[in-house]
Amino acid sequence: VSIVSPKPQTTRQRILGLALLSPRPNSPPTTQAVFVDTAGIMQLTTSSEFGGSFRHKQKKLFRHSKLHKAMVKTAWKSVRDVDATFWVLDASKCSAYGGFLPESPELDGISVGPTMRDAWWTHPELEEELCFLRELKKRKKQVSVVFNKTDVLQEMGVDIEGFCLEMRERLERDLGRDEQGEALLINLWPTSVLKEPESLLSLQRWLCENLPEQSPIYPVENISDVPARVAASEITREKLMCVLRDEVPYQLTVVNVIWRENPDGRLQLGQKVVVMTQGQCNIVRGKLREITEDA
């Protein structure tokens, strides 16, 4: 439902994805799950704790924009009233970069300094994960972790079961507990969405068993709350970002100027792409055929 592109913060607003779930394969659906997709919850500022050479320059600059700050704050507001929060962690990334620094400085195996907070996550490539973890701790927000790309762990020769157990223990310790003494980590599911879609069955079963019982909130035939006109402009914006990449800045917008539904069921659609400068306009015009074919 949401568009995706190589640029950060492609999703600008809250989008709902609606799905009918069943607790077991080949059984009738019993649960309507409403998935809330928001703008990316990235850190708002840069920190001297991380090395600058690992950070993409444009991503660093984007974090200082008012648009980014507003989207991140809106994203956190959107998840305040949800029934379950899921944190998708890249298992291969955790395996490759986790434990970059020891918890305390050592000399010949002897600790010679204070313990570093969240030391396991301090590699620059895990910067976003560390910021999200600290924000969860600050908000005392319970979370379930979807530990994705476990198929890559297998290719790396990592003991998947052992590493998942290690990560569960680490997350339980690093996330801590809420005011009632309950662990902030609810569950951890190792998954491989691309290679093994059936690995999501345990997550699906958990949703069916733990979401509150009530009548469907939305019509069961719907898959999203996004209006068709918005979806049409978003699809074109996705193709623009994928084709143009860094040639045009993030702030481009697509506006529907013609929306005519013909009696034969066909839709006549005309759109306008809004950019910031004449140079960017020329770039878009040069790639227009490729963009429209993709869209």
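What follows is a short chat about a predicted model.

Biologist: What makes Asp118 buried?

Modeller: The cut-off for buried is under 20% relative accessible area. Asp118 has 9%, so it counts as buried. It is found in the loop between β5 (110-111) and α4.

Biologist: Why is the pairing of the side chains of Asp118 and Lys137 called a polar contact?

Modeller: A polar contact needs N or O atoms within 3.5 Å, and these two side chains are joined at 3.1 Å. Leaving aside residues up to four places away in sequence, Asp118 also touches Leu130, Leu133, Arg134 and Asp174.

Biologist: How do you know that the span of helix α8 agrees with its 17 residues?

Modeller: At 1.5 Å a residue, α8 (residues 228-244) should span 24 Å, and its end C-alpha atoms are 24 Å apart, so the two agree. Its buried residues include Leu240, Met241, Val243 and Leu244. After α8 comes Arg245, with a positive phi near 50 degrees.

Biologist: And the largest nonpolar core: which residues touch the most other members?

Modeller: Among its 26 residues, those are Trp87, Leu89, Trp121, Phe147, Met167 and Leu171. Several elements supply at least two residues each, including α2 (66-78), β3 (86-90) and β6 (143-148). The largest share, five residues, comes from α6.

Biologist: What does Met167 touch, not counting residues up to four places away in sequence?

Modeller: Met167 touches Leu89, Cys94, Trp120, Trp121, Phe147 and Leu188. There's also a second, separate core of nine residues, with Leu21, Trp206, Leu207 and Leu211 among them.

Technical notes: Residues are numbered from 1 along each chain as its sequence is written. This is a predicted model: local features need pLDDT of at least 70, side-chain atom pairs count only at pLDDT 80 or more; totals for chains, interfaces and linings use all residues. Side-chain values use heavy atoms; hydrogens and water are left out. A nonpolar core is a set of buried Ala, Val, Leu, Ile, Met, Phe, Trp, Tyr and Cys residues joined through side-chain atoms within 4.5 Å. Buried means under 20% relative accessible area, exposed over 50%, partly exposed in between (1.4 Å probe, protein chains only). Helices (H or I, at least four residues) and strands (E, at least two) are DSSP runs, numbered from the N terminus. Contact means heavy atoms within 4.5 Å. A polar contact is a pair of N or O atoms within 3.5 Å; within protein, one must be able to donate a hydrogen and the other to accept it, and residues adjacent in sequence count only if both atoms are side-chain atoms. The expected span of a helix is 1.5 Å times one less than its number of residues.
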